[in-house]
Amino acid sequence: MPLYSIPRRSFGPQGDEPQPINWRRGMFRIWLLFSAAWMMGWIIYLIMSGLQDGFKTPGDLLAVPVVLLGPPIALFAFGIAAGWAFRGFADDSQPGK
């Protein structure tokens, strides 16, 4: 390998063992990305709407946390419930796994 070179990695299979996948960490990161995108989109919309029309009633201002945080929290709760449901399909005959 040359002195100032990037080491090359093969993208093909390295042996017969498949690489393990950490589904919990991956799904949590996807949830973080979707939640951030949801919040950014609504924040931009609310800023534009607030500049154009303004918040006229206190109910308009109280709806902001519900719109921003409600769906990401609901999606997170759904993910936990789905994980619980899928763990119910696990084989109980192997106590180590």
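Q: In which helix does Arg-24 lie?
A: This is a predicted model, in which local features need pLDDT of at least 70 and side-chain atom pairs count only at pLDDT 80 or more, while totals for chains, interfaces and linings use all residues. Residues are numbered from 1 along each chain as its sequence is written, and side-chain values use heavy atoms, with hydrogens and water left out. Helices are DSSP runs of H or I, at least four residues, numbered from the N terminus. By that numbering, Arg-24 belongs to helix H1.

Q: Is Arg-24 buried or exposed?
A: Relative accessible area decides this: buried is under 20%, exposed over 50%, partly exposed in between, with a 1.4 Å probe and protein chains only. Arg-24 has 62% relative accessibility, so the residue counts as exposed.

Q: How far apart in space are Arg-24 and Ile-80, C-alpha to C-alpha?
A: In sequence, 56 residues separate Arg-24 from Ile-80. In space, their C-alpha atoms are apart by 9.8 Å.

Q: What distance does helix H1 reach from its first C-alpha to its last?
A: H1 runs over residues 23-52, which makes 30 residues.

Q: Which residue just after H1 takes a positive phi?
A: The place to look is just past the end of H1. There, a phi of about 80 degrees belongs to Gly-54.

Q: Which residues does Phe-55 touch, not counting residues up to four places away in sequence?
A: Phe-55 sits in the loop between H1 and helix H2 (58-87). At 42% relative accessible area, Phe-55 is partly exposed. Contact means heavy atoms within 4.5 Å. With sequence neighbours up to four places away set aside, Phe-55 touches Leu-46, Asp-60, Leu-61 and Val-64.

Q: How are the rings of Trp-31 and Phe-76 arranged?
A: Rings of Phe, Tyr and Trp (its six-membered ring) pair if their centres lie within 6.5 Å; planes under 30 degrees apart count as stacked, over 60 as edge-to-face and the rest as tilted. The model has 6 such aromatic pairs. For Trp-31 and Phe-76 the centres are 4.8 Å apart and the planes are at 45 degrees, so the pair is tilted.

Q: How many residues apart are Trp-31 and Phe-76?
A: Phe-76 is partly exposed, with a relative accessible area of 35%. Phe-28, Trp-31 and Phe-76 make up one aromatic cluster. The pair links distant parts of the chain: Trp-31 is in helix H1 and Phe-76 in helix H2, a separation of 45 residues.

Q: How are the rings of Trp-42 and Tyr-45 arranged?
A: Trp-42 and Tyr-45 are 3 residues apart in helix H1, so about one helical turn separates them. Trp-42 is partly exposed, at 28% relative accessibility. The ring centres of Trp-42 and Tyr-45 are 5.4 Å apart and the planes are at 90 degrees, so the pair is edge-to-face.

Note on methods
Helices (H or I, at least four residues) and strands (E, at least two) are DSSP runs, numbered from the N terminus. The expected span of a helix is 1.5 Å times one less than its number of residues.
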